[in-house]
Structures are given as C-alpha cells and as structure tokens.
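Please read them with the structure open.

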Amino acid sequence: MFKGFLSLNCRFSAIKGQLKRLFWLGCILLLSLVMVGQPAIAEIRQLPESADQMLYQSRQTLQDQNGKTWQVVLFKRVKPDQPSLTHLRLVGFPGITVTHPQPLVLRAGSEEFSASDDFAEQSPSPNVGQYNLTEIIPQLPGVNFLRLDVPTLEQPVELRVPFFALQEWKELNQR
C-alpha cells in the first residue's frame with residue numbers, strides 16, 4: 001500500500017513538473033506576442049514624385065454615422081524652396097455629394113476648428129472634398145478621436161478619426 005502511494009506520488013510530481021513547463025512556455029509565448037505587437041493599421045507613405053519632390057501620405061478608410069465608407073487621405077507635397085502645405089482629401093462612397101464651397105469642421109473634445117475648402121471653385125468629382133489643414137494640425141489636442149463634420153448635400157456627416165491616425169497626421173505635418 002505504501003509502495004502504491006509512492007508510485008502515485010511520483011506520477012503526480014512528474015505531471016506537476018510538465019504542467020509547470022507548459023505554463024512557463026505559454027507565458028513566454030504570450031509575452032513574445034505582446035512584445036511584437038499588432039501591425040499598424042496605417043502608415044505614412046513616402047512617394048518620390050520627381051528628383052526634387054516628395055509626397056507624404058497617410059490613408060485610412062472610415063465609416064460615417066450612416067455606415068457609408070470614406071477614403072481619408074492626408075498628404076503633404078514637399079518641394080525645395082517652396083512652402084509645404086498639408087491637405088486632407090475625403091472621398092465618399094457610394095453616391096455621396098460633398099457640398100462646395102463649405103468648410104470642414106474639426107472637433108477635438110470641446111475645441112472646434114474650421115478648414116478652408118480647396119475645391120471651392122471646382123471639385124474633380126461630386127464625392128470629393130479637400131481641405132487645408134497645415135495650420136490646424138499642430139493645434140489639435142491629443143484626444144481619443146477627432147470628429148470631422150463633412151458638408152454633404154443632405155446634411156453634414158460625421159467621421160471619427162482614431163487617436164493613432166491623429167498622431168500619424170501630426171507626424172506627417174512635421175515632415
């Protein structure tokens with residue numbers, strides 16, 4: 001009887017040791033996944049347009065409060081000996097008509113900003129709006145999300161720009 005107890009105790013100790021190893025292996029695996037992290041959803045693209053001209057872009061696809069999809073592109077064209085301006089281009093799908101000339105309203109917490117309409121005279125397409133954000137981006141506070149009130153034919157639609165995209169916009173504007 002005592003011999004059977006020792007045998008059972010030895011088996012339990014062996015199983016306990018294996019469980020400890022599995023536990024630590026799982027912890028190491030989990031830690032390595034956390035340290036590697038998730039890939040960024042957006043990134044700043046750097047596109048040479050000519051030998052002395054560079055285009056920087058940040059692209060996101062967002063949905064408005066009605067579930068319609070928007071392509072949101074912040075870009076900056078850098079040329080030597082010329083001031084560089086940062087613009088936000090918004091392209092709405094499907095069947096959205098952006099109203100011109102109307103400013104884009106940006107809301108960050110309790111602060112509100114107004115961006116001028118680059119396509120006040122003529123838009124390349126009815127669903128496209130473009131706005132100058134050069135002076136506005138440095139003023140934006142660090143908020144969880146930035147709200148854009150896009151002027152459309154029916155009523156303004158709201159796009160929520162997430163924190164990571166706003167941080168990327170600030171970085172792009174500094175280039």
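How many helices and how many strands does the protein chain have?

1. Overall make-up. The protein chain has two helices and nine strands, where helices (H or I, at least four residues) and strands (E, at least two) are DSSP runs numbered from the N terminus. Along the sequence the pattern reads α-β-β-β-β-β-β-β-β-β-α. This is a predicted model, in which local features need pLDDT of at least 70 and side-chain atom pairs count only at pLDDT 80 or more, while totals for chains, interfaces and linings use all residues. Residues are numbered from 1 along each chain as its sequence is written, and side-chain values use heavy atoms, with hydrogens and water left out.

2. Surface and contacts. The accessible surface of the protein chain comes to about 11,400 Å², and 58% of this belongs to carbon and sulfur atoms; the areas come from the Shrake-Rupley method with a 1.4 Å probe, and for residues only the protein chains shown count as cover. Of the 175 residues, 35% count as buried. Buried means under 20% relative accessible area, exposed over 50%, and partly exposed in between (1.4 Å probe, protein chains only). Among contacts (heavy atoms within 4.5 Å) between residues at least 6 apart in sequence, 52% join residues at least 24 apart.

3. Core. A nonpolar core is taken here as a set of buried Ala, Val, Leu, Ile, Met, Phe, Trp, Tyr and Cys residues joined through side-chain atoms within 4.5 Å. The largest one has 32 residues, of which Leu90, Leu148 and Trp169 touch the most other members. Two or more residues come from each of β2 (53-63), β3 (69-78), β4 (86-93), β5 (104-108), β6 (111-115), β8 (145-150), β9 (157-162) and α2 (163-174). The most come from α2, with four residues.

4. Surroundings of Leu90. Leaving aside neighbours within four places in sequence, the contacts of Leu90 include Trp70, Val72, Leu104, Val128, Tyr131, Leu148, Val150 and Leu159. Gln71, Asn127 and Gly129 are also in contact with Leu90.

5. Sheet. Which strands form the open sheet, and in what order? The order is β6-β5-β8-β9, four strands with antiparallel pairing; two strands pair if DSSP finds at least two bridges between them. Because β6 and β9 stand at the edges with a single partner strand each, one side of each is left without a neighbour in the sheet. Neighbouring strands are turned by 25° against each other on average, direction ignored. Between β5 and β8 there are three bridges, and Val105 has Asp149 in β8 as its bridge partner. Helix α2 packs on the sheet, touching β8 and β9, and its direction makes about 75° with that of β9. For such angles, axes are lines fitted to C-alpha atoms (for helices over the stretch in contact), and the angles run from 0 to 180 degrees between N-to-C directions.

6. Backbone points to check. The peptide bond from His100 to Pro101 is cis, with omega near -15°. Pro101 is in the loop between β4 and β5. Asp81, in the loop between β3 and β4, has phi near 60°, a positive value in a residue other than glycine. At 82% relative accessibility, Asp81 counts as exposed.

7. With a salt bridge defined as a side-chain nitrogen of Lys or Arg within 4 Å of a carboxyl oxygen of Asp or Glu, the count is six. In one of them, Arg77 meets Glu49, with the closest N and O atoms 2.7 Å apart. This pair links distant parts of the chain, Arg77 in β3 and Glu49 in β1 (residues 44-50), 28 residues apart. Arg77 is partly exposed at 32% relative accessibility, and Glu49 is partly exposed at 36%. A further salt bridge joins Glu158 and Arg147 (3.8 Å, N to O). Glu158 lies in β9 and Arg147 in β8, so the pair ties together parts eleven residues apart in sequence. Are Glu158 and Arg147 buried or exposed? Both are buried.

8. Remaining charged groups. Glu171 and Arg175 form a salt bridge through their side chains (3.1 Å, N to O). Glu171 is partly exposed at 42% relative accessibility, as is Arg175 at 38%. Salt bridges that share partners join Arg107, Arg147, Asp149, Glu158 and Arg160 into one network.
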